[in-house]
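I opened my notebook to record what I looked up in this model.

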Amino acid sequence: MSNEIVKGALYVVATPIGNLMDLSDRAKKVLSEVDFIAAEDTRVTGKLLMLIGVKKPLVSYHEHNKREKGEEIIARLKKGESCAIVSDAGTPAISDPGEDLVRLCASENIITFAVPGPCAAISALSISGLTTGRFSFEGFLSTNKSERRSHLEEVKTSPYTLIFYEAPHKLRDTLSAMLSVLGDRRISLVRELTKTHEEVIRTTISNAIEYYAEKSPKGEYVLVIEGCKKEDVKPFWQDLDEVSHVEYYLEKGLERMDAIKAVAKDRGVSKSTIYKKWNEKR
Ligand code: SAM
């Protein structure tokens, strides 16, 4: 692929999450050659550009102006200008502005290019020491207690490694909620990646709670948590007796004999056992 900037294209450019040396040569080239840059915070990006000696027109693009600015950016792209979108740190569109702009580009057949680089979630996962083969990125939990709880309930039985972003002032509450919903699991608290105080604490949720009862959480965190173990997954029918279990399938639309068959399969018993129970109670 050519490294020439394509007219009318959007470049999604990852920027450092701490260490400036993580800005790739390609990212620098793109930032210096596009017509303009859409930035989450123009002051933050202005500083980055100054450090790398790039002068470029900046357009503010963030959560609160994305609708009108998105349309403005699309109009410029359609006229043939090229644009790079950047966030304050890391990969745009990953718990950061960019997702909507890329979606708009896709619907308008505007070409988009990824300029890959730092991403806190992937970097944290890579040094977590936990299973990396399959994982589920969960972004930030809500500050609203019941929304936070239902998010955790949703992922409770997921067998995949879970990745959350977290701010230090919310860490203690988050860990307590995690313990109460997910139970005590292995967790890697990865903080200040690529910065002077980079640290990985590989422990359990309960030990992390104890640790942070004494110590104030500081810096930016990624929490990487082991997925639910097979033996800890409670089947949905565990609290149902045989007859209620059959009724469950009947309500789902199965014929009586098919429901009995399904129950027998779930429970690992014979069809005649379930049939007998069903007839006794009816
Ligand atoms: N899009 C970004 C990315 O690709 O990494 C993430 C943006 S999100 C708004 C910011 C969150 O990412 C922080 O609250 C923290 O959870 C995590 N984060 C960012 N930089 C980090 C770092 N250097 N060390 C640990 N976590 C970091």
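**The largest pocket**

I looked up the largest pocket and found 23 lining residues, with Ala89, Ala120, Phe140, Tyr165 and Glu220 nearest its centre. The model is predicted, so I noted that local features need pLDDT of at least 70 and side-chain atom pairs pLDDT 80 or more, while totals for chains, interfaces and linings use all residues. Residues are numbered from 1 along each chain as its sequence is written, and side-chain values use heavy atoms, without hydrogens and water.

I wrote down how a pocket is defined: on a 1 Å grid over the protein atoms alone, it is an open set of points where a 1.4 Å probe fits, with protein on both sides within 12 Å along at least five of seven lines; lining residues have an atom within 4 Å of a point. The space in the largest pocket is about 450 Å³. That volume is the space filled by probe spheres set on the points, which are joined across faces, edges and corners. E7, E8 and E10 each give two or more residues to the lining. These labels come from DSSP runs numbered from the N terminus: helices are H or I with at least four residues, strands are E with at least two.

**The largest nonpolar core**

Next I looked up the cores. A nonpolar core is a set of buried Ala, Val, Leu, Ile, Met, Phe, Trp, Tyr and Cys residues joined through side-chain atoms within 4.5 Å. Buried means under 20% relative accessible area, exposed over 50%, and partly exposed in between, with a 1.4 Å probe and protein chains only.

The largest core has 20 residues, and Leu152, Phe164, Met178, Ile187, Leu189, Leu223 and Ile225 touch the most other members. Two or more residues each come from helix H6 (145–155), strand E7 (161–166), helix H7 (171–182), strand E8 (186–191), helix H8 (205–214) and strand E10 (221–225). H7 gives the largest share, 6 residues. A second, separate core holds 16 residues, including Val13, Leu23, Ile37 and Val115.

I then checked Ile225, which lies in strand E10. Its relative accessibility is 0%, so Ile225 counts as buried. Contact means heavy atoms within 4.5 Å. Leaving aside neighbours within four places in sequence, Ile225 has contacts that include Leu130, Phe164, Met178, Ile187 and Ile205.

**Helix H7**

Does the length of H7 agree with expectation, or disagree? The expected span is 1.5 Å times one less than the number of residues. For the 12 residues of H7 that should be 16 Å, and the end C-alpha atoms are 15 Å apart, which agrees.

I listed the buried residues of H7: Leu171, Thr174, Leu175, Ala177, Met178, Val181 and Leu182. They cover an arc of only 165° around the axis, so they sit on the same side of H7. The arc is taken from the directions from the helix axis to the C-beta atoms. These buried residues pack against H6, E7, E8, H8 and E10. After H7 comes Gly183, with a positive phi near 85°.

**Helix H8**

Which residues of H8 are buried? They are Ile205, Ala208 and Tyr212. Their arc is 55° seen down the axis, so they line one face of H8. The face turned away from the buried side carries the exposed residues Glu210, Ala213 and Glu214. The cover over the buried residues of H8 includes H7, E8, strand E9 (199–204) and E10.

**His151**

His151 is in helix H6. At 18% relative accessibility, His151 counts as buried. Not counting residues up to four places away in sequence, His151 touches Glu138, Phe140, Leu141 and Phe164.

**Positive phi values**

Most residues other than glycine have a negative phi. I therefore noted two residues here.

- Asn109 has a positive phi near 55° and is not a glycine. Asn109 sits in the loop between helix H4 (99–107) and strand E5 (112–115). At 73% relative accessibility, Asn109 counts as exposed.
- Thr194 has a positive phi near 65° and is not a glycine either. Thr194 sits in the loop between E8 and E9. At 24% relative accessibility, Thr194 counts as partly exposed.
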